[in-house]
Amino acid sequence: MTAPFFPNIESISYAGPDSDDPLSFRWYDRDRIVAGRRMEDHLRFAVAYWHSFAADGADIFGAGTLDRPWIAGERSGAMSPMAAAEMKQDAAFEFFAKLGVPYFCFHDADMAPFSGEFRDDAAALAAMVDRAAGKMHETGVKLLWGTANLFTHPRYAAGAATNPDPELFARAAAQVCAVLEATHQLQGENYVLWGGREGYETLLNTDLGREHAQMARFLHMVVEHKHRIGFDGTILLEPKPFEPTKHQYDHDTATVFAFLQRYDLVDEIKVNVEVNHATLAGYDFHHELAYAVNAGILGSVDANAGDDRLGWDVDRFPVSVEQMTLGVYEVLRGGGLGSGGFNFDAKLRRMSIARDDLFHAHIGGMDTVARALLAAASLLESDELESFRRERYAAWDGELGQQILDGKIDLPSLRERTLELPDPISVSGRQEMLENLVARHIERTR
Ligand code: XUL
Ligand code: CO
């Protein structure tokens, strides 16, 4: 057992909205019952191993800034890769437990030394996963999802499942097989596939039809193996429109839904909706959730935030209660996240170099989502938005609406009817009134 990485912090507890203690929760009160369930069971928060423990703030312009001794130690040769992975794991589980989150998420490359040589990496992962199982048992922290990193190594530059070379497909399949089994061993509740390099830089060298068919076959293999090993978690795809490639095939929820239907995967795979991916695609976060709920494929959420002035994936911690309220509202209307949760796929800014900044970041994110849950539950319970919506469409339950929807009326008969009747009158959409209504529910959260 290494020395504590966060020696000055015991544990984060709920102190209420009037607290001025920055190292306490003001809204996240895990046992509080909201809309018939404990807050913790609604939100199922997870910490992302990669941003918080496997990255040191390095960006394309400069070196790491964050105090992550296992990264520095491995780089300088002062620590073996395995000793570094163990120190990182100790710090990670210390953090999960002190923060009081029920879940974490990981890539193979986060948890274990990652040389790029499959035999070594698979053995290292197996050892670190056994060790993680012990840590999970000690702390009670569970696994929301696991995933394979199919984007960092140069071999995947032209894609993993969508690579023009089947040898690369096979290499990626081996890796996913190992991480799916590791996720199963750790009783993970989902398995995520984010197509980091599944897309193209230029169509000039790309056979789009082949690449789609390859990806579909890859996903079928994952689903087949899931059933073979008895993994009963959900398989999730994570839409993103671009970055790192110019075009990513899993562009957004609607695109993924079309793909799943075309390749007969719609009953097996759902989506992991990420806030900053939705906004990159030109959508509101709640649009992606509403779309997924309507298609029956909402799986989980990567909670973070973009930046209004930056057009790339900045993965900030969420701070907008309004944005989250609209999102959580769609989740609640859709009946909740099932086996999904809110995973903080978010990173500290490069200047946030104090160790406890990781606590401040997650506390802010958790409070933002928790307050959003209270506002969304209050909105739903008041039925004000729902009754407005019901009324707005009520005529569709009348005679004309039913005839149209049941296919009992055609274009010429509607022309005849229209010739006989006065033109219809429009009614107000009342957008601003409804925006004020949402604001009122947020203001009154307590
Ligand atoms: C990248 C991203 C990933 C996935 C997991 O934008 O969101 O971290 O969540 O590979
Ligand atoms: Co993500």
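This is a short tour of a predicted model, with something to select at each stop.

**Stop 1: the ligand**

Select ligand 1. Then show the residues around ligand 1: Trp-50, His-107, Trp-145, Trp-194, Glu-238, Lys-240, Glu-274, His-277, Asp-302, Asp-313 and Asp-345. Colour this shell by residue type. Three are nonpolar, two are polar and six are charged.

Start with His-107: an N or O atom of its side chain is 2.7 Å from an oxygen atom of ligand 1. Move to Asp-345. Here the distance from a side-chain N or O atom to a ligand 1 oxygen is 2.8 Å. Finish with Lys-240, where such a distance to an oxygen of ligand 1 is 2.9 Å. How much of ligand 1 does the protein cover? On its own, ligand 1 has 300 Å² of accessible area, and the protein covers 93% of that.

**Stop 2: the core**

Select Phe-53, Phe-96, Leu-99, Phe-104 and Phe-342. These have the most contacts inside the largest nonpolar core, which has 121 residues. Next, select helix α13, residues 357–382. This helix gives the core its largest share, 14 residues. Now colour domain 1 (33–382) and domain 2 (400–443). Both give residues to the core, so the core lies between them. In soluble globular proteins, nonpolar side chains tend to be buried together.

**Stop 3: a loop**

Select Asp-264. Look for it in the loop that links α9 (253–262) to β10 (269–274). Is Asp-264 buried or exposed? Asp-264 has a relative accessible area of 62%, over the 50% cut-off, so it counts as exposed. Along the chain, Ala-216 and Asp-264 are 48 residues apart, yet their C-alpha atoms are separated by 8.9 Å.

Technical notes:
Residues numbered from 1 in each chain as written. Chains lettered and ligands numbered in written order. Predicted model: local features only at pLDDT ≥ 70, side-chain atom pairs only at ≥ 80, totals over all residues. Heavy atoms only, no water. Near = heavy atom within 4 Å. Polar contact = N/O pair within 3.5 Å; in protein donor to acceptor, adjacent residues only side chain to side chain. Areas by Shrake-Rupley, 256 points an atom, 1.4 Å probe, with all protein chains shown as cover. Nonpolar A, V, L, I, M, F, W, Y, C, P; charged D, E, K, R; others polar. Core = buried A, V, L, I, M, F, W, Y, C linked by side-chain atoms within 4.5 Å. Buried < 20%, exposed > 50% of the residue type's maximum accessible area, 1.4 Å probe, protein only. Helix = DSSP H or I, 4+ residues; strand = E, 2+ residues; numbered from the N terminus. Domains from an automatic or database assignment.
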